[in-house]
Amino acid sequence: MNFQDIIFYAFSAVLIVSALGVVTSRNPVYSALLLVLSFITCAGLWLLLEAEFLAITLVLVYVGAVMVLFLFVVMMLDINLAQLREGFWRWFPVGGLIALVIVAEIALIMSGSYFGLEEMPAPEPKPADYSNTKELGRVLYTEYVYAFELAAVLLLVAMVAAIALTLRHRDDKKSLDIAKQVSVRKEDRLRIVSMPAEKKE
C-alpha cells in the first residue's frame, strides 16, 4: 500500500463519517458544516483522480457560495428545532426503506466486473499539456450532449416553477397589466380638440 492509497482511504473514511453526521445531526448548522467537510473531502478525492477542474469547482461553487448562503439563511431564520424533530419517527420507516434501496443499488453496481476486487492497472500519466477541462467539455458536448440538454431544460423548468410559486401579488406595487394594454382603444388614449386659429395683429 503506497502513500496515495493511504490518502484515499483516509479521505474516504472522513467522507463517510461526515456524510453520516449530516443526516444524523439535530442541529442544522452542524449539518451544514459537516456537509462543507464532505465537499472538501470529495474535492480531495477528485484531486487524486487528476480532476482538478471538478475539485476546484466543487470548492468554489458549493462550499464558497451555496453553503455560505445556506448557513446565512439558517442562522438568520428563527427555526424551531423541536418542531422539526416532531415528524422524524413518523417518516423514519419510509426513509429507512429508501436508504435500503439505495444501498442495494450500490451493492449491485459494486458487484459488477468494473468494480471487482481484482487489481486494476494504474492510470497512465498524462502529458504536461493535458487539460481535464477541455476533455470534460469534449465528453460533455459529444457523448452526453442530450443528457446535458435535458438537465438544462429541467433546471430551467425548476427555476420558472420556483419563481411562479413564490410570486405574491401586492397592491402597493406598480406592475403592468398585459390584458389592459392589449384591450386599449385609441378613443381611450387620444382626443382631438378643435381650436380656432389665431390671427396675428
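The residues are numbered from 1 along each chain as its sequence is written. Because the model is predicted, local features need pLDDT of at least 70 and side-chain atom pairs count only at pLDDT 80 or more, while totals for chains, interfaces and linings use all residues, and side-chain values use heavy atoms, with hydrogens and water left out.

**The chain as a whole**

The chain holds nine helices and zero strands, where helices (H or I, at least four residues) and strands (E, at least two) are DSSP runs numbered from the N terminus. Of its 201 residues, 10% count as buried, a word that stands for under 20% relative accessible area, with exposed meaning over 50% and partly exposed in between (1.4 Å probe, protein chains only). Among contacts (heavy atoms within 4.5 Å) between residues at least 6 apart in sequence, 55% join residues at least 24 apart.

**Helices α2 and α3**

The axes of α2 and α3 lie 9 Å apart and meet at an angle of about 175 degrees; axes are lines fitted to C-alpha atoms, for helices over the stretch in contact, and angles run from 0 to 180 degrees between N-to-C directions. The two helices are therefore roughly antiparallel to each other, since angles under 35 degrees count as roughly parallel, over 145 as roughly antiparallel, 65 to 115 as roughly perpendicular and the rest as oblique. The residues of this contact divide into 23 nonpolar, no polar and one charged, where Ala, Val, Leu, Ile, Met, Phe, Trp, Tyr, Cys and Pro count as nonpolar, Asp, Glu, Lys and Arg as charged, and the others, Gly among them, as polar.

The largest nonpolar core has nine residues, including Ala32, Phe39 and Leu71; such a core is a set of buried Ala, Val, Leu, Ile, Met, Phe, Trp, Tyr and Cys residues joined through side-chain atoms within 4.5 Å. Helices α2 (28-48) and α3 (52-76) each supply at least two residues of this core, and α3 gives the most, with five residues.

**Ser18 in helix α1**

Ser18 sits in helix α1, which spans residues 3-24, and it counts as buried because its relative accessibility is 2%. The side chain of Ser18 reaches the backbone oxygen of Val14 at 2.9 Å.

| Residue | Residues in contact |
|---|---|
| Ser18 | Leu34, Leu37 and Ser38 |
| Phe39 | Leu58, Tyr62, Val63 and Met67 |

Key. A polar contact is a pair of N or O atoms within 3.5 Å; within protein, one must be able to donate a hydrogen and the other to accept it, and residues adjacent in sequence count only if both atoms are side-chain atoms. Lists of a residue's contacts leave out its neighbours within four places in sequence.
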